[in-house]
Amino acid sequence: MLIDTHVHLNADQYEGEVDAVIERAKENGVEKFVVIGFDRKTIERTMELIESYDEVYGVIGWHPVDAVDCTDEDLEWIESLSSHEKIVAIGEIGLDYHWDKSPKDIQKEVFIKQIELAKRVNLPIVIHNRDADEDTIDILESHDAKSVGGIMHSFHNGTDEQIDRVLNMGFYVSLAGVITFKNVKRPKEVAQYVPLDRLLVETDAPYLTPHPFRGKRNEPKLVRLVAEEIAQLRGISVEEVEKATTENAKRIYNI
């Protein structure tokens, strides 16, 4: 069995189809789904989903791209919702220097506030990092993120040294469909470098659709292709990857 540790079943792309999407995933051996809410709309949908489906858990936080829109009231709201027994982490939080909607200093401020929030509610954190590896890891280290632990979501391009720093904080590394793309090198190296007891699999669906379905809408049923690629790259069985990543997911999310 597999756990999709990062999926957006709250996205508009799945409206009216969540039942069918979950059923197709179950038929493909996916037993649990961790849905990420990252703004007002998606957090509200996440709360609805965790109430409606036994196999769905939630992660809530404020996305760095939209940090400029985040208010103290928003963070207080997230903190109040985090007491729900099926909210398993704070996220996805972090830094995104690819898009320029939110100034870097505001992103950092909102990121740090949410690390402190996670400490108060004693939940791990799920990190979104795009084109900001060093700043992201520096903030995690300097603000004692080690005390709560967490996941580097879709962390395909970090250097060995950066991965070591993340692992030294007790974090897990989650890999998505990018590792299946034919023209990538570093993501495949990362899939081999990270210790198996620190690896997670995800889809980030409806995004990052794995090969050979690239260009189509992603679904959690395709997380199996990520596990299969890890197995092939590491020269081990798919069953071994399934067992390890499922145990890892249950451990970090306490599910």
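**Figure 1. Salt bridge between Lys113 and Asp72 in the predicted model.** Lys113 and Asp72 form a salt bridge in which the closest N and O atoms are 3.1 Å apart. Because Lys113 belongs to helix H4 and Asp72 to helix H3, the pair ties together parts that lie 41 residues apart in sequence. Lys113 is partly exposed, with a relative accessible area of 33%. Asp72 is likewise partly exposed, its relative accessible area being 43%. The structure as a whole, a predicted model, holds 26 salt bridges.

**Figure 2. Salt bridge between Lys101 and Asp66.** The closest N and O atoms of Lys101 and Asp66 are 2.8 Å apart in this salt bridge. Distant parts of the chain are linked by the pair, 35 residues apart: Lys101 is in the loop between strand E4 (87–96) and helix H4 (104–121), and Asp66 is in the loop between strand E3 (56–60) and helix H3 (72–81). Lys101 is partly exposed at 43% relative accessibility, whereas Asp66 is buried at 16%. The value for Asp66 falls under the 20% limit for a buried residue.

**Figure 3. Salt bridge between Asp12 and Arg45.** Asp12 and Arg45 are joined by a salt bridge, with 2.8 Å between the closest N and O atoms. This pair also links distant parts of the chain, 33 residues apart, with Asp12 in the loop between strand E1 (2–7) and helix H1 (18–27) and Arg45 in helix H2 (residues 40–52). Asp12 has a relative accessible area of 43% and is partly exposed.

**Figure 4. Network of salt bridges.** Salt bridges link Glu134, Asp138, Glu141, Glu161 and Arg165 in a network.

**Figure 5. Two cis peptide bonds.** Most peptide bonds are trans. Gly91 and Glu92, however, are joined by a cis peptide bond with omega of about 0°; Glu92 is found in strand E4. A cis peptide bond also joins His211 and Pro212, with omega of about 10°. Pro212 is located in the loop between strand E8 (199–201) and helix H8 (223–234).

Figure 6. Asp204, in the loop between E8 and H8, has a positive phi near 60° although it is not a glycine. With a relative accessible area of 10%, Asp204 is buried. The largest pocket has a volume of about 790 Å³. Its lining comprises 24 residues, and those nearest the centre are His128, Arg130, His153, Asp204 and Leu208. E4 and strand E5 (125–130) each contribute at least two lining residues, and E5 gives the most, with three.

**Figure 7. Asn254 and the second largest pocket.** The second largest pocket has a volume of about 190 Å³. It is lined by 14 residues, of which Val88, Leu123, Pro124, Tyr253 and Asn254 are the closest to its centre. Both E4 and H9 supply at least two residues of this lining; H9 gives the most, with three. Nine nonpolar, three polar and two charged residues make up the lining of the second largest pocket. Asn254 lies in the segment after helix H9 (238–253) and has a positive phi of about 55°, although it is not a glycine. Asn254 is exposed, with a relative accessible area of 69%.

Note on methods
Residues numbered from 1 in each chain as written. Predicted model: local features only at pLDDT ≥ 70, side-chain atom pairs only at ≥ 80, totals over all residues. Heavy atoms only, no water. Salt bridge = Lys/Arg side-chain N within 4 Å of Asp/Glu carboxyl O. Helix = DSSP H or I, 4+ residues; strand = E, 2+ residues; numbered from the N terminus. Buried < 20%, exposed > 50% of the residue type's maximum accessible area, 1.4 Å probe, protein only. 1 Å grid on protein atoms, 1.4 Å probe; cavity = no way out; pocket = protein on both sides within 12 Å on 5 of 7 lines; lining within 4 Å. Points joined across faces, edges and corners; volume = space filled by probe spheres on them. Nonpolar A, V, L, I, M, F, W, Y, C, P; charged D, E, K, R; others polar.
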